[in-house]
Amino acid sequence: MAITLTVNGNQHTVEIEDDTPLLWVIRDEIGLKGTKFGCGRALCGACTVHLNGNPVRSCSTPVSVADGQSITTIEGLSDGDTLHRLQQAWIDHGVPQCGYCQSGQLMTAAHLLSYNPTPSDDEINAALSGNLCRCGTYSNIVAAVKSVADAAEGA
Amino acid sequence: MGMNRRDFLKVSVASSGGLLLSLNLAGCSGIRTGYQEDSGSWRPDAWLEIGRDNQIYFTLARVEMGQGTYSGLTTLIAEELEVAPAAIQPRFAPVAREYRNPLYKLQLTGGSTSLATSWQPLRVAGASARIVLIKAAARVWQVPAEDCRARDGRIWHPNGEDSLTYGQLVELAAGESAPDEPPLKSPDQWRYIGKGRGRLDSRAKVTGTAEYGIDVELPGMVYGVVTRPPRYGARVDSFDAREAKAMPGVIDVFAIERGVAVVADKYWRARKALETVAVQWDNADALNVSSESVMDFYRQAADDDAGEEERGDGDVARAIESADRVIEASYEQPYLAHATLEPMNATAVYHDRGMEVWAPTQAPDLGRIAAARVTDLSPDEVTIHTTFLGGGFGRRLTQDFIEEAAAIAYRVRRPVKLIWSREDDTRHDLYRPAMLHRLKASLADGRVTGWQHQLVGPQILDWYVRNAAPAQYPWAPKFLYGTLGSVGLAAEGIITPKDMSAIEGAVDYPYRVDNVEVRHTHADPGVPVTWWRSVGHSHNAFAVETFMDEIAHQLGQDPYGFRRDLIQHEPRHLAVLERAAELGDWGQPLPSGRARGIALHRSFGTYVAQVVEASVDNGEIRVHRVACAVDCGQVVNPDIVRDQIESGVIFGLTAALYGHITFEDGAVRESNFHDYQLLRTQQRPVVDIAIVESEEAPTGVGEPGVPPVIPALGNALFALTGKRQRSLPLTARPA
């Protein structure tokens, strides 16, 4: 079936079986490889994108659910060359090791800050509890989110 | 053709755990050095290329899988070349002799060796280029070279005002000769080493633009998926692909050596078609073990065969005879999966000039062998492009995913991307071996007089040599590959060095005890195994450091003081032990319901001691804090050292709390992250790290954080509950 998606502000129409996970449409039909495949069962969070502003696991979301909807991926988190403040914080804190989970971590953290600009450590941990990192970068992730929250609080 | 000109690349090492072969092949390499007319750049050696446009490229001969080589090794070159690390563009190396790991004589990344093996050669490479650039500039200005200096990508005239960029000098520099032994900067002159300035690959990794293997895209590319037998060693007997072949987008369905492959124009179409393929497996040679039967097999093996003596100091038997008391304990550890977050994958295309493969691999030259084995090509006709790796931990030293992709691409004659599912990845891993340890200590007059350690399990080299041996005999025809594997094994100790994978961390028992015996009973139940972050240390540290704790309690001694008294003769061990005890508040009061455990372990040349603070809360183990002292020699990037040690702590805690791969009737029960769990952010302890100052040569940090945390947590739980846990994973409710 024909599916129309708005991804990072650009409209795409793809002809695809409607049970295809959104992940593979984003990666292989639209060509945005920043969203990662980790588990295929919504267990690791590497594939997290925003669907109408809310985080979803794209590996387990049929593309038909997203028909006519608006999606933001890691490529859409920055504003052109201007990084999202979380992305800058990730660099400043040297967060990524292998880096494979970080798109999902960033998308989840960005959603958290969108409704709670000054989260506590517990709130950050709770929001990110579904995003696995095999390299164990968690403490740097929380510190990076916290630094953005602190800046917001000071502003 | 540039010959391999640098003697230091031929370092031969007698006692590493890797494969070593003393064949002295005088072959030329494919790395052209000197001035390159076509590109207008100068290539002083295999690692560096400086363009007329001042662009500096560094060929990174070790892969980047999160451990920080991309930044760490670039920093070494940058320091001596006198440019900021960020001014250098790293490129992943092609397969060439220059890029082999001198410890292994193979181009692979593992064993926490990248920094140690690159420390000298990369600084020399950078310094040689710097000096040649200075000589070229001195010739231009007609001034003494000693009076010129390099700084920030320029050579400066003695007058301190005039300068030439490296790019302006490359053509001239190519005509200058490099010094045999260029002087290296002294530590007080370092501007980048030891300063810690984040990572060079961070921006690509936070914007989604870093290219991992799974992201490779080729024109006309199709997708391959494979179903493999649930029981290792089974073969395809027959399969019915009629339904699959009629499904949209399906291009072909066929058997390969390891299973049945479906190729389709889209990944999801291939995956869905694969579900309809009914395979009859021939289980004649299939694995038929359970986790229980493996341990029974080990126990029987231990009873039947005392094993090879790997270390014998003094006379343990006599020490036991004359002891006041003898303590014995057995420790058991399960199989463990690597669970890299990026599942196994590779992209291959077969064309008239050979095959090209793009893959996240830790051993690209072994990838060539794997691809050659299943095609009509020789390894030289296979090109491997290495990408970023979404985790490695030893898994990607084995090239089964490249072999599968190559077999599929050879058959369909189109570019193919093979992607494993998470279930494939969990169930068709090569595992950290399950192990059994039997320990015995003799005590007399309140001290330890004898230490006996019998460990039971397989050797990893037995599993690896089939892939690795042909890479060391590049002249060998393919039909000999199998033989090379068995010859390498038959001649172990002669052709290949000793396989330390099972015994490392046990034979180097560091405490001062007069009579020490370590034996390995070689028992291989047929489950595929390979290196797993920290390898033998991952199980030996648990056995040794838990038993040390048991002895301390039997003697009524403080576990820290007991260790400290027995390690006085080893200053680097002692220093990290004391530092960790101090940092971890050893002996200080704790909130009720909490306890501390301690452990000390050296691996990969790096010394680590840890104090773990834990409790049991609502029926779950809670790890509050890990205090960690590290001596890894001189520090190139303190941020990366801290991150890697913390990463190892999380990795070790994941194994201690959750890690188990369970075999039932020859098949693996676990499949995905719900039953093979990883530690989550809210479960992470506070990790405090102290780096002990050292002037020793740098050693690895990717693995040494893992081993001690497992026994340190177990020891804390004993202190808390009074119940000793001797098998992993640990539980909140010990029987």
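**Two chains, one predicted model**

Q: How many residues does each chain put into the contact between A and B?
A: Chain A gives 43 residues and chain B gives 43 residues. Two residues are in contact if their C-beta atoms, placed from the backbone, lie within 7 Å.

Q: What kind of model is this, and what is the numbering?
A: It is a predicted model, where local features need pLDDT of at least 70, side-chain atom pairs count only at pLDDT 80 or more, and totals for chains, interfaces and linings use all residues. Residues are numbered from 1 along each chain as its sequence is written, with chains lettered from A and ligands numbered from 1 in the order in which they are written.

Q: Back to the contact. Which elements give two or more residues on the chain A side?
A: α1 (22-29), α2 (85-92), α3 (102-115), α4 (121-127) and α5 (138-154) of chain A. α5(A) gives the most, with five residues. Elements are DSSP runs, numbered from the N terminus: helices are H or I, at least four residues, and strands are E, at least two.

Q: What is the class make-up of that side?
A: The side of chain A that touches chain B has 22 nonpolar, 16 polar and five charged residues. Ala, Val, Leu, Ile, Met, Phe, Trp, Tyr, Cys and Pro count as nonpolar, Asp, Glu, Lys and Arg as charged, and the others, Gly among them, as polar.

Q: How is chain A divided?
A: Into domain 1 (2-75) and domain 2 (85-154). The bounds come from an automatic or database domain assignment. The C-alpha centres of the two domains of chain A lie 22 Å apart. Their contact takes 14 residues from domain 1 of chain A and twelve residues from domain 2 of chain A.

Q: Which strand gives the largest share on the domain 1 side?
A: β3(A), with three residues. β3 (48-51) and β4 (54-57) of chain A each supply at least two.

Q: Where do the side chains of β1 in chain A point?
A: They alternate along β1 (residues 2-7) of chain A. Buried means 20 or more other C-beta atoms within 10 Å of the residue's own, with C-beta atoms placed from the backbone.

Q: Which strands does β1(A) pair with?
A: β2 (residues 10-15) of chain A runs antiparallel to β1(A), joined by six bridges. β5 (residues 70-72) of chain A pairs with β1(A) in the parallel sense over two bridges. Pairing needs at least two DSSP bridges between the strands. A:L5 has A:H12 as its bridge partner in β2(A), and A:T6 stands opposite A:S70 in β5(A).

Q: What about the turn between β1(A) and β2(A)?
A: The two strands form a hairpin with two residues between them. A:N8 in the turn has a positive phi of about 50 degrees.

Q: Switching to chain B. What is the strand order in the open sheet?
A: β23-β24-β25-β28 (chain B), with mixed pairing. The edge strands are β23 (594-603) and β28 (686-691) of chain B. Ten bridges join β23(B) to the antiparallel β24 (residues 606-617) of chain B.

Q: How confident is chain B overall?
A: Chain B averages a pLDDT of 90, and 91% of the residues score at least 70. pLDDT is the predictor's confidence in each residue, from 0 to 100.

Q: Where does pLDDT stay under 50?
A: Residues 1-29 of chain B are one such stretch. Over residues 487-495 of chain B it is also below 50. Where pLDDT is low, the predicted coordinates should not be read in detail.

Conventions
A residue is buried if 20 or more other C-beta atoms lie within 10 Å of its own, exposed if 12 or fewer, and partly exposed in between; C-beta atoms are placed from the backbone.
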